[in-house]
Amino acid sequence: MDARSALLCAVLLLSLPCTSVQAQPVDVQVALQDGKVVLDVTASVAAEREQVWAVLTDYEHMAGFVSNLKSSAVIGHEGGALQVEQSGEARHGLLHFAFHSVRSVELVAPQEIRSHLVSGDFKSYEATTRLTAPDSGHTLITFHGEYVPNRWVPPGIGPSLIKSETGRQYDELIAEIRRRQGAAAHVASPASSPASP
């Protein structure tokens, strides 16, 4: 039973349970269909769509706030799409392994991110992330991905590991959104005037 393959499936989802009291819990659904992993994620975030977009597309700094990434960079542009290269190490209990991928990422700001695998640890990978603003100050994130790993994914432990890893990644992304919100609010607040003698 190859649990490493299952973890690897979750790692590439960076094109993301929520700890924020201002957001709804992340819903992660995983299904195995004839060797293909189908993943659907939804999350409601208490942030403007532009703030969410800025974090989800910050590939140059993503290794600083997603813990399993050691490097993340835009290595080129081709036909209006970014070429994003990422590497790192995933861990689950005593299990750990390195990974590397290059993805073509098409950005339709600020509402859609489309990506597919150029090279890496999958036979195929297609994913779309959509951001909608149901009301002012909130953003709904929906992700749909379909990919075929190079190795067999065990039907029992595989989906559970993918769900866990995906939830953790969204935790970290949402935490970064909140951190930037706090930093922006601090900068926007006028400095307190010194007290008069």
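Biologist: Is Lys-36 buried, partly exposed or exposed?

Modeller: Lys-36 counts as partly exposed because its relative accessibility is 30%. Buried means under 20% relative accessible area, exposed means over 50%, and partly exposed lies in between (1.4 Å probe, protein chains only). Please keep in mind that this is a predicted model, where local features need pLDDT of at least 70, side-chain atom pairs count only at pLDDT 80 or more, and totals for chains, interfaces and linings use all residues. Residues are numbered from 1 along each chain as its sequence is written, and side-chain values use heavy atoms, with hydrogens and water left out.

Biologist: Which side chain meets Lys-36 in a salt bridge?

Modeller: First the idea: a salt bridge is a side-chain nitrogen of Lys or Arg within 4 Å of a carboxyl oxygen of Asp or Glu. Here, Glu-146 meets Lys-36, at 3.3 Å from N to O. Glu-146 sits in strand β8 (residues 138-149) and Lys-36 in strand β2 (residues 36-45), 110 residues apart. Strands (E, at least two residues) and helices (H or I, at least four) are DSSP runs, numbered from the N terminus. Glu-146 is partly exposed, at 29% relative accessibility.

Biologist: How many salt bridges are found in the whole structure?

Modeller: The search finds nine. Another one of them pairs Asp-58 with Arg-180, at 2.6 Å from N to O. Asp-58 is in the loop between α2 and β3 (69-78) and Arg-180 is in helix α3, so this pair ties together parts 122 residues apart in sequence. Asp-58 is buried, with a relative accessible area of 14%, whereas Arg-180 is partly exposed at 26%.

Biologist: What else does Arg-180 bridge to?

Modeller: Arg-180 also forms a salt bridge with Glu-176, with the closest N and O atoms 2.7 Å apart. The two are four residues apart in helix α3, so about one helical turn separates them. Salt bridges that share partners join Asp-58, Glu-176, Arg-179 and Arg-180 into one network.

Biologist: How do α2 and α3 cross?

Modeller: Two packed helices are described by the angle between their axes and the distance between the axes. The axes of α2 (residues 49-56) and α3 (residues 157-188) come within 10 Å and cross at roughly 125 degrees. The two helices are therefore oblique to each other; under 35 degrees counts as roughly parallel, over 145 as roughly antiparallel, 65 to 115 as roughly perpendicular, and the rest as oblique. Axes are lines fitted to C-alpha atoms, for helices over the stretch in contact, and angles run from 0 to 180 degrees between N-to-C directions.
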